Amino acid sequence: MNKRTRYFVVGSVAIVTVGLCTGLVAFYNGGLTLMSSAQGPSELAYLPANATAVAYANVRDVMNSEFRQKLNQAIPTGEGRDEFLKETGIDIERDIDTVVASMSAAEKEAVVLVRGRFNEGQIESLLRQGTGDVEQYQGIRVVTGAPKVHAMLDGTNGQMPRDVANPGDQSMSVAFLETGLLAIGQTSAVKRAIDSKVSGQNVTTNGELMKYVNDIRSGQSAWAVGRLEAMKQQADIPEQVLQHMPAVQWVALTTHINGGVTGSIRADTLDDAAAENLRDVIRGGLAMGRLVSGQDQKFKLLLDSLQMSGTGKTVALTFSVSPEMIDVLAGLAQLSDMQPKPATTPKVQ
Amino acid sequence: MTVPATPPRQAPGLVSASVRVFELSLGEMLWSRRTIFMGLVVGLPVVLALVVRLFDLAGSTGVRVNNMAVDGPAVFGLIIWAFFLRFSIPVLGVFYGTSLIADEVEDKTITYLFSRPISRQAVLFGKYLAYMACTVLVVLPSIVLVWLLVIPMGGSLGGNFIDLVKDLAIVAIGLAVYGAVFAFIGAKFKRPLLIGLVFVFGWEQVVLALPGYMKQFSVAYYLQGLVPHAMPNDSFASMVQAIFRETPALGTSLVTMGLIEVVFLYFAARIVANREYVLEQ
């Protein structure tokens with residue numbers, strides 16, 4: 001073997017070795033800090049380690065996207081945003097950058113962490129209207145609104161409205177975790193979020209959940225990961241129904257919004273057979289959809305954008321709505337609105 | 001005073017002879033025009049991956065297939081499936097495998113090789129090992145570079161590491177098996193390159209599309225059983241193949257491919273050992 005050949009062999013082996021070592025380090029560390037942000041958004045430090053589901057949304061990206069502009073043109077909305085602004089003093093379109101949420105099936109509670117620009121005094125005064133309270137918990141200001149049952153009884157002469165079956169006694173709280181970071185949820189959930197950050201026992205220590213989070217979060221506008229198995233166990237589902245539910249352990253959803261919307265739903269099942277059955281169900285569903293869509297072009301366009309993939313225990317369904325597709329869908333919707341409806345002749349008796 | 005007789009030198013064994021031939025052939029094979037062509041071919045996906053990554057870093061909308069955005073892992077799977085496994089591996093097997101002995105015959109250097117005190121089978125095995133080293137050293141780094149460039153677009157390196165390892169193993173196995181098959185074709189037939197190309201682009205494509213047992217007489221059928229990525233509908237032929245696709249189990253694929261390699265190498269070695277090579281004047 002001459003020198004040139006030796007150098008070539010060494011160089012090739014070096015490239016493969018470096019690549020494999022890089023992958024190995026990323027595999028064991030759950031991602032590579034050089035390539036993406038370490039361990040996800042910093043808000044994850046506030047989520048409890050036993051969270052059953054975690055979700056994230058980059059509200060800023062979504063609000064600024066071309067897709068949302070087109071959607072607003074097609075379906076103008078504003079009432080929900082105005083209502084939220086009136087109740088909280090927060091303008092969804094301008095004040096919120098990101099939202100991170102977690103749900104714990106065991107404690108049956110959820111907490112939402114909102115990052116953005118807030119008028120803390122205004123929020124506090126809005127919440128304290130009525131019988132709300134302020135306390136310091138672990139050095140963080142927590143504003144607690146009135147418990148739901150009291151809020152319901154206020155102004156009703158002490159009579160519970162007949163349509164309220166179980167008002168519950170949980171109060172809602174808002175905690176000002178850091179400058180520009182709010183935690184919103186049931187008081188116990190908010191306090192648990194504060195404890196998670198202080199103790200360090202948070203969702204980033206949940207290796208199984210973080211593996212899915214790190215797999216899917218890169219470059220996405222919104223994502224959610226949930227352990228469906230745990231949710232099924234904690235939910236009050238009859239055993240007979242539980243037996244017939246698909247053997248799905250984990251579900252992960254991702255969405256990337258720029259000009260259009262692309263997204264995927266990924267399910268990890270118990271075994272390969274369950275995954276194959278799930279794929280068969282989805283294939284059947286897509287075929288049924290195509291069959292019943294008939295001449296409905298909107299439905300047909302959306303169905304055509306669905307693609308199934310995944311191997312082994314993983315089943316993934318991806319979809320894509322391009323900006324052009326939105327234009328077509330909006331055009332089709334307008335066209336169907338413009339078409340004269342058949343006149344109904346009154347029955348003559 | 002008698003001088004003790006030096007014991008007669010024994011011919012090297014099969015393994016050491018093969019290694020010697022391997023060392024001799026590796027340099028020749030690596031710096032031939034064929035390898036430069038191979039380097040250009042497997043370098044193409046690296047260049048494409050670099051371009052796609054640069055566009056992604058510049059903030060473009062990313063890769064779209066059938067007007068649908070696909071992320072890095074899907075692009076990587078597509079490149080492995082459509083480019084490497086469906087095209088590069090069989091083509092490299094044809095061009096290199098059929099020429100293991102044929103090149104020596106064409107260059108009229110085979111008599112010099114056979115006049116060495118090594119078995120003829122060692123010549124074949126040594127050249128086969130050189131083919132494996134040559135192709136693996138060029139193709140595998142290309143795959144790793146594509147992986148490093150493409151996966152971070154919407155995917156994670158850690159999450160796709162196992163797929164990389166599987167893909168590298170599948171490519172190496174594919175090169176080994178196709179090399180063995182075409183080494184046999186090269187040793188046996190007069191126009192091995194033509195027969196090899198007909199096998200890869202004719203026979204395998206047809207039998208994979210047809211229902212029934214005929215697909216078991218192809219290498220690609222067993223290679224599919226090893227592929228971790230879902231096969232995309234990249235063409236009408238793939239779609240037809242997908243309709244009739246019956247992917248064999250992993251164990252069946254591995255065992256069968258191992259058998260194919262051993263059997264074809266054995267028969268190739270037998271042909272080389274027993275054949276009288278008449279060089280054209």
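**A first look at the two chains**

Modeller: Buried residues (20 or more other C-beta atoms within 10 Å of their own, with C-beta atoms placed from the backbone) make up 31% of the 349 residues in chain A. Bear in mind that this is a predicted model, where local features need pLDDT of at least 70, side-chain atom pairs count only at pLDDT 80 or more, and totals for chains, interfaces and linings use all residues. Residues are numbered from 1 along each chain as its sequence is written, while chains are lettered from A and ligands numbered from 1 in the order in which they are written.

Colleague: What share of chain B counts as buried?
Modeller: Chain B has 11 helices and 2 strands; helices (H or I, at least four residues) and strands (E, at least two) are DSSP runs, numbered from the N terminus. Of its 281 residues, the buried share is 46%.

Colleague: In what order do the strands of the chain A sheet lie?
Modeller: Chain A has 14 helices and 12 strands. 12 strands of chain A form an open sheet with antiparallel pairing (two strands pair if DSSP finds at least two bridges between them). The order is 4-5-6-7-3-2-1-8-9-10-12-11.

Colleague: Which strands of chain A stand at the edges?
Modeller: Look for strands with a single partner strand, so that one side is left without a neighbour in the sheet. In chain A those are strand 4 (133-137) and strand 11 (307-309).

Colleague: Which residue is the bridge partner of Val111(A) in strand 7 of chain A?
Modeller: Strand 3 (residues 109-116) and strand 7 (residues 181-186) of chain A pair in the antiparallel sense over 5 bridges. For Val111(A), the partner in strand 7 is Gly185(A).

Colleague: Are helix 7 and helix 11 of chain B roughly parallel or roughly antiparallel?
Modeller: Helix 7 (residues 161-188) and helix 11 (residues 250-274) of chain B pack with axes 8 Å apart, at an angle of about 30 degrees. Axes are lines fitted to C-alpha atoms, for helices over the stretch in contact, and angles run from 0 to 180 degrees between N-to-C directions. Under 35 degrees counts as roughly parallel, over 145 as roughly antiparallel. So helix 7 of chain B is, to helix 11 of chain B, roughly parallel.

Colleague: How many nonpolar residues does that contact between helix 7 and helix 11 of chain B have?
Modeller: Residues are in contact if their C-beta atoms, placed from the backbone, lie within 7 Å. Among those meeting are Ile173(B) and Phe184(B) in helix 7 of chain B, and Met257(B) and Phe264(B) in helix 11 of chain B. Ala, Val, Leu, Ile, Met, Phe, Trp, Tyr, Cys and Pro count as nonpolar, Asp, Glu, Lys and Arg as charged, and the others, Gly among them, as polar. By class, there are no polar and 2 charged residues, and the nonpolar count is 16.

Technical notes. Angles under 35 degrees count as roughly parallel, over 145 as roughly antiparallel, 65 to 115 as roughly perpendicular and the rest as oblique. Two residues are in contact if their C-beta atoms, placed from the backbone, lie within 7 Å. A residue is buried if 20 or more other C-beta atoms lie within 10 Å of its own, exposed if 12 or fewer, and partly exposed in between; C-beta atoms are placed from the backbone.
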